[in-house]
Amino acid sequence: MRMRMMKMLLLLGLCCGPVCCGQNQSDPRDQRVFPVLSVNYDYVQMPFEVSLWILLASLLKLGFHLLPRLSAVVPESCLLIVVGLLVGGLIRVMGKKPPVLDSQLFFLCLLPPIILDAGYFLPLRPFTENAGTILSFAVLGTLWNTFFTGALLYACRPAALELLPCLLFGSIVSAVDPVAVLAVFEEIHINELLHILVFGESLLNDAVTVVLYHLFEEFAHAGEVTAGDVFLGVVCFFVVALGGVLVGGVYGVLAAFTSRFTSHTRVIEPLFVFLYSYMAYLSAEVFHLSGIMALIACGVIMRPYVEANISHKSYTTIKYFLKMWSSVSETLIFVFLGVSTVAGPHAWNWTFVTITIVLCLLSRVLGVVGLTFIINKYRMVKLSGKDQFIVAYGGLRGAIAFSLAFLLSSDDFPMKDMFLTAIITVIFFTVFVQGMTIRPLVDLLAVKKRKESKCSINEEIHTQFLEHLLAGIEGVCGHYGHHHWRDKLNRFNKRYIKRCLIGGERSQEPQLVSFYNKMELKQALMLLESNSSANLSTAVTAAAPRLESGERLRSGSFFFSERSAGEVNARRKPSVKFSLEPPKPPRGPEHLLEEDEELMHRRH
Amino acid sequence: MGSFQSLPDDHQYRTLSQKTGFSLEQIAILHNRFKQLSQNEETLRRDDLKTIQDLESNPIRSQIIEAFFDRRNFQKDGVGSVEEIGFEEFLTVMSYFRAPAHHITEEQREEMRRAKLRFLFNMHDTDNDGTITLEEYRHVVEELLSRSGALGRETAKGIADAAMLEVASISVGPMAPDEFYEGITFEHFLKILKGIEIETTMHIHFLNMDTSVLCK
């Protein structure tokens, strides 16, 4: 025993000796002990802080949904801003300077996912049907708001402002913000028409805002405005808007074309969608074109072709990633807004702020009412007073206004701090007051809610039938109405474009058949879920209504049709016959289908 | 079928206007079109409609043309079809595609809905037995898919079968094993198309008709 102990000690001593000696020999200058544990925070500071913020934001989201009573009353955006305020206050108490929402970060990293998500899943049919109304609200409405607010602000002369800064401020503060609108409107589930009107307006007014902002900034710099400049401004608007759409369109076509060849590399399919869209946004921003419109155009154009080409898994991946990123972005934006409020230099001016808020509300209401009066003459489905109220009330301002104001140079605009304070107040007002009260108001006014859109093959058949019927009747009348042109566009699309952009047999697949396939897939998944506990019976169910022409149609026997077109196998495969009693809706997978639908509307 | 004088008669236009709801201006324009299609004759035949170029590529062309000559669309209890129609019938069929006026009561709206859906129903129910049978529905889907490539009758059959099943489950609910599902009656048809706001979707903008466009 003692011998062993002695041997151990000797061994240890022998080991330590050379180590210490070696240490001394290799590093004669430094006598320190080798650090086993050291801290090097600077190395990871940037990614660490970014991840920490994102983690914090996601945990917050988690927390809100655990408090159902709170999230039913207060919209998420309000809660997030409050949290931002708290965090900002905390940082300030700790003695450090809270970070401000950096405009470059906002425009290049936080905004694109939200817009891409909106554009990719834009419900195209209501959008095109109401395109005229949306455009007039976006363009004429924003112009009216800008000039009305700017002019009256100048007339009131708080803090002795010149005309141009007033107009610039008007242009910044009058744009309806897509992020805020999305955040609030997602939760109130109003009918599709109103949703697309307000949301479409918030997306399309970006072109107007960009042009007006740069215009007034340039003028303020130059100091003098001529008629020629104004004319150039109008031209600039068209260039910005149409240029943005063109850039988006080009990238969209490229993305669709690329997706045609990805059948062997399915794993990176989603990457192409994201990259092409982001490139479209950045390319548009290079030329000061409207990045938002580029992104929307890219998403809208590439979607039908990409979805026909990619695998089902890639489709799910794209959907989930877009939802995830846009959700995180939105959360971060609102939290940062709160933090920036605590951080930023403030110059509070009672008159300026009050006048701003009043003018914003007034101009919005007047603008909406006036425009609707004119638009209703051309609309089939007129907008009622209730609709106008919701459209006016839903004009929320958000982070875009803040970032644009933040980008102003303090030299040209010494009143920048006053502007920032006023804009933050307007944003708070719209998000808190309007955001919180819109839900009870919607219930009070009994505004139509969103219809539960059931996947009905009958409705799809008849919608297509109606399209052809109306185009035909227009042909009989000799009238080239919009049914005629839509029909022509569809045929052109089918004959030329689909053949280029969709690979393989799918290019010939008619819309009705792809709709039917999708529906079948969904129902089969539903059945799988519901029958997962029970056994998959291959026998025909007893309760089978039979149809007149002698065909035995089993109630609810479904069959898988192969997704590879040209091989549509309509023969009932006995091995995959499921049984379902028609009246009892399966309890289990309801949430699956609902979830699918809900995912389309960003509610988790 | 009234006989028209060669010059437009205000009085006749007014009676037509009352009957169909079109304005005098719209009736005048449609009359011009009618004369153009019928090559200035009093009546219109199927062949005249078949010459319209825009209808060439329409998959449901024959059904649209049939609808103009179907007596059921002229008045409530008409039966069968005719070989030629006059301007009044032409106008009556066109009136199904008018938009609802802004201030109409719920009842009038419902009535208009029923009228338009009845028109659609008549288009499907070719043998006029009051129901759309599986065969008729299959025919509808086949026609829809006819211009869209060579996918064969099997797919159309599958889709039509699934659609009928859906109608059965929505309108009739649980059925005993021996029950037959006869076909879609008008009431069932109303029920399944409740989701489509037919009175606003099924309309043509008659207001913006430009006579210069009609010269084709």
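Predicted model: local features only at pLDDT ≥ 70, side-chain atom pairs only at ≥ 80, totals over all residues.
Which residues in H4(A) meet residues in H18(A)?

Let me begin with the two helices. Two packed helices are described by the angle between their axes and the distance between the axes. Here, helix H4 of chain A covers residues 76-93 and helix H18 of chain A covers residues 416-444. Their axes come within 9 Å and cross at roughly 140°. H4(A) and H18(A) are therefore oblique to each other, and their crossing is left-handed.

Now to the opening question. On the side of H4(A), the residues are Ser77(A), Cys78(A), Ile81(A), Val82(A) and Leu85(A). They meet Phe428(A), Val431(A), Phe432(A) and Met436(A) in H18(A). Sorted by class, this contact has 8 nonpolar residues, 1 polar residue and no charged residues.

I turn next to aromatic rings. Over all chains, a search of the whole structure finds 28 aromatic pairs. In one of them, Tyr41(A) and Phe48(A), the ring centres are 5.7 Å apart and the planes stand at 85°, so the pair is edge-to-face. Tyr41(A) counts as partly exposed, at 36% relative accessibility, and Phe48(A) likewise counts as partly exposed, at 44%.

In chain B, the rings of Phe97(B) and Phe119(B) have centres 5.5 Å apart and planes at 85°, so this pair is edge-to-face. The pair links distant parts of the chain, 22 residues apart: Phe97(B) lies in the loop between helices H5 and H6 of chain B, and Phe119(B) lies in helix H6. Both Phe97(B) and Phe119(B) are buried.

Finally, one aromatic cluster is formed by Phe34(B), Phe68(B), Phe87(B) and Phe90(B).

Key
Residues numbered from 1 in each chain as written. Chains lettered and ligands numbered in written order. Heavy atoms only, no water. Axes fitted to C-alpha atoms, helices over the stretch in contact; angles between N-to-C directions. Helix = DSSP H or I, 4+ residues; strand = E, 2+ residues; numbered from the N terminus. Parallel < 35°, antiparallel > 145°, perpendicular 65-115°, else oblique. Left-handed = near helix turned anticlockwise from the far one by under 90°. Contact = heavy atoms within 4.5 Å. Nonpolar A, V, L, I, M, F, W, Y, C, P; charged D, E, K, R; others polar. Phe/Tyr/Trp six-rings, centres within 6.5 Å; stacked < 30°, edge-to-face > 60°. Buried < 20%, exposed > 50% of the residue type's maximum accessible area, 1.4 Å probe, protein only.
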